[in-house]
Amino acid sequence: MNDAALTIYDESGRRLQLMSPDAFGQSAAEGGDEAKFDLRTMWAVLYRNRALFLAAIAVSLAAGLAVTMLTTPIYRAAATIQIEQQSARVLQQQDVDAEEPMQDVDRFLQTQLDILRSRTLAEKVAQSLGLYRDNRFLVAMGERIDGDGPAGAQAQRQRVVGLLQANMDVSLPRSSRVANILFNSPDPALAARVANSFADNFIISNLQRKYDASSYARSFLQQQLAETKRRLEEAERSSIAYARQARLIDASSGSASDSAGSMGPRSLVTSSLVQTNTSLSAAVAARIAAQQRWAQAQATPVMSLPEVQTNTAIQALVQQRAVAQANYQEQRSRRKDDFPAMRQAAAQISELDRQIATLAGLARNSIRDQYLIASRQEQAVRSDLSRLQGETFAEQDRSVRLNILRREVDTSRTLYDGLLQRYKEVSAAAGITANNIAVVDRAEVPGVPVLPRPILNIAIAVLVGIAISIIMIFARETFDDAIRSSEDIDRKLRVPFLGSVPMLGPNDTPQAALADARSAFAEAYYAARSSLEFSTSTGLPRTLLLTSSLQGEGKSTTSMALAQSFARVGKRVLLIDSDLRKPSIHRLLNLSNQVGFSNVLTRQATIDEVIQHSDTPNLDVVPSGPLPPNPAELLATASIKALLDELVKRYDIVLLDGPPVMGLADSPLLSALVEGVVFVVEASRAHRGNAKIALRRLRASRGIIVGAVLTKFDSRAMGYGADYGYSYNYGGDPRPQSGNLPGGWQRLFPRKNGNEDADRPKEEVD
């Protein structure tokens, strides 16, 4: 037992790990051992099933080699083409086909790849190579020839197209516009021809699609031009006819709109209205100017008027008056006013003043006359404008229909001009072939097949074999409940592990192996003996029953080995062969079986009469004696309990070698009479189902299972290696008893009375 760590169960059945102060430095190492255990367990599983593992790989490898040898060689030819999104333009015009935006280049390239894989292109390749005419293509592709008549021909065409599509592949490297056209065929020359034909027909079909689109566009434009021309002529005739009917005359010289941008042509009335309106504006301006001049003339002295001052006649008269006035003043200085010459000069001056005043009045009156004339002209123009406005309103009512007709004419003319221009452009570009696909490399006849690939097939076969073997091993390990190691005893049986005993060689015997104290066989039982000494809270049980689930698992050898081991350490040991059906202790120890345990049970002899001394000091043996017809009835007597109580007083330990549990009632009866039961399990032979049933029967009889011993353990056969410890696990029970607790732990966990399984959870007991 390891004093460093201790695993116990609490009242709820949970497993707890307790550590003593000396164990804190060992936790890291124990964690590493656990991880190592997982890897070693996996290796052990693989090693145990190595034959199955190697057989699965061998079968898969053979199948892979057979497939490789039987597979027809396949050759692959590759032709490369460059796919551009736009082709070179000869004319600066818009193409008939819509151009893909540069952002959709991936979609465009994927579309081209889908066209390469299309059934239509495969049919064109078949037609261009003449693959429909005979069966050589099907024979070269390894297909069988069958079918006659029209139905057979149609089926053959479908087979040819299907083979072309199935064996053709297209690859386009990322960030590249160069696509690879690949074709696989058993015939290398055929593979190259078909790959090149795919490239050529793809280019031809691309050009044909463009030509068909241009031809369709020209035909469509011709039809639309004829229809649009007819509609334009009808619209013009309708417009002219209505204009004549409504007496609407176009005065705009045939322009579609006037200078102001109004819709429809201008009529004569509208033109006159515009001109009259312009005249009215001029008349109003002239009247206002004349009115202002007249108002100014009325407020200004007559001689200050610009018209008077600029009048030449008035200017001449003013000059004459000035001369006359000058003469008058000169003569006045010499003559008197009543002198005739003076009176004549004064009369001349007065006449000149009268003439000047008359001419000035006439000038001012001319200003008034200009104002009156301008006013009358304004009134006349206004009257004419009012008349034209009325005529214009009436004409507008009549020109609504005309405007509609003329808008239709304009629309038809615009559409006709656009179609005519587009038709001329398409016609000009019809003879120019611009292709955006070009062949980079033509396919050459391949010299090396691409299939089969021996190395790849072998690698795949090995991987498949490994996968199948792992699945089979997993299924086998999942459904196989054999107990092979100490971990299986703890995990599957839920009983304390006392030790494991190695498998003896074919020429070794248990007696010889036990005689060598340094042998692994003897050391294993020394370890089991040590575990038994600490198996309960009170130490070593005084009476022990050794049994197993089935016969031949090594319980008799274990009984003999444990008895000798206890005897060698100075304990007084009594070994009783209680297997009254197939006893073997007397043969192992070379003792007589004339009388024995059966005689004591039938009261034919006393215990002292049947006890025999063995060659091992301190070891006495009670053989089974004659085999009774009813062993279960003999073992059910109450005298056995009294017998054991008496023997315990005389010996330190009493070992009972009992019969197997399955199918018999002997061991369950004996288990209720002893202080502990040691369950013997043969490695790789005992199964969880039988062992659990046997343990359940023992516990049902209130037997106390102190632990299990694993016998005939072959570490190499189990895949654990030679260094796997099979006898150095002292106290394998994860639930400690007070008898085997180190130091002060024993005071913390005193043993409870009654069945030791009473405190265990139900699932642990089952």
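Predicted model: local features only at pLDDT ≥ 70, side-chain atom pairs only at ≥ 80, totals over all residues.
Local features are taken at pLDDT of at least 70 and side-chain atom pairs at pLDDT 80 or more, while totals for chains, interfaces and linings use all residues. Residues are numbered from 1 along each chain as its sequence is written, and side-chain values use heavy atoms, with hydrogens and water left out.

**The chain as a whole**

Of its 766 residues, 41% are buried, meaning under 20% relative accessible area, with exposed over 50% and partly exposed in between (1.4 Å probe, protein chains only). Take contacts between residues at least 6 apart in sequence: 78% of them join residues at least 24 apart. A contact here is heavy atoms within 4.5 Å.

**The 8-stranded sheet**

Strands of a sheet pair through backbone hydrogen bonds, either parallel or antiparallel. In this model, 8 strands make an open sheet with mixed pairing, in the order S7-S14-S13-S8-S12-S9-S11-S10; two strands pair if DSSP finds at least two bridges between them. S7 (497–502) and S10 (612–613) are the edge strands, and each has a single partner strand, so one side of each has no neighbour in the sheet. S8 (residues 543–548) and S12 (residues 653–657) run parallel and are joined by 4 bridges. Leu-546 has Asp-657 as its bridge partner in S12.

| Helix | Strands touched | Angle |
|---|---|---|
| H13 (residues 486–493) | S7, S13 (676–682), S14 (705–713) | about 140° with S14 |
| H16 (residues 555–568) | S8, S9 (573–577), S11 (619–622), S12, S13, S14 | about 165° with S12 |

**H15 against H16**

H16 also packs with H15 (residues 520–533), at an angle of about 75° and with the axes 9 Å apart. The two helices are therefore roughly perpendicular, the label for 65 to 115 degrees; under 35 is roughly parallel, over 145 roughly antiparallel, and the rest oblique. On the H15 side the contact includes Phe-521, Tyr-525 and Ala-528, and on the H16 side Ala-561, Leu-562 and Phe-566 are among the residues involved.

Phe-497, in strand S7, is 31 residues from Ala-528 in sequence and 8.8 Å from Ala-528 in space, C-alpha to C-alpha. Phe-497 counts as buried, at 3% relative accessibility.

**The 4-stranded sheet**

Another open sheet has 4 strands with antiparallel pairing, ordered S4-S5-S3-S6. S4 (168–171) and S6 (437–441) take the edges with a single partner strand each, so one side of each lacks a neighbour in the sheet. On average, neighbouring strands are turned by 30° against each other, direction ignored. S4 and S5 (residues 178–185) share 4 bridges in the antiparallel sense, and Ser-171 stands opposite Asn-180 in S5. Helix H3 (residues 105–116) packs on this sheet, touching S3 (75–83), S4, S5 and S6, with its direction at about 140° to that of S3.

**Asn-436**

The loop between H11 (340–429) and S6 holds Asn-436, which is buried at a relative accessible area of 8%. Its side chain reaches the backbone oxygen of Glu-84 at 2.6 Å. The side chains of Asn-436 and Asn-206 make a polar contact of 2.9 Å. A polar contact is a pair of N or O atoms within 3.5 Å; within protein, one must be able to donate a hydrogen and the other to accept it, and residues adjacent in sequence count only if both atoms are side-chain atoms.

Conventions: Axes fitted to C-alpha atoms, helices over the stretch in contact; angles between N-to-C directions.
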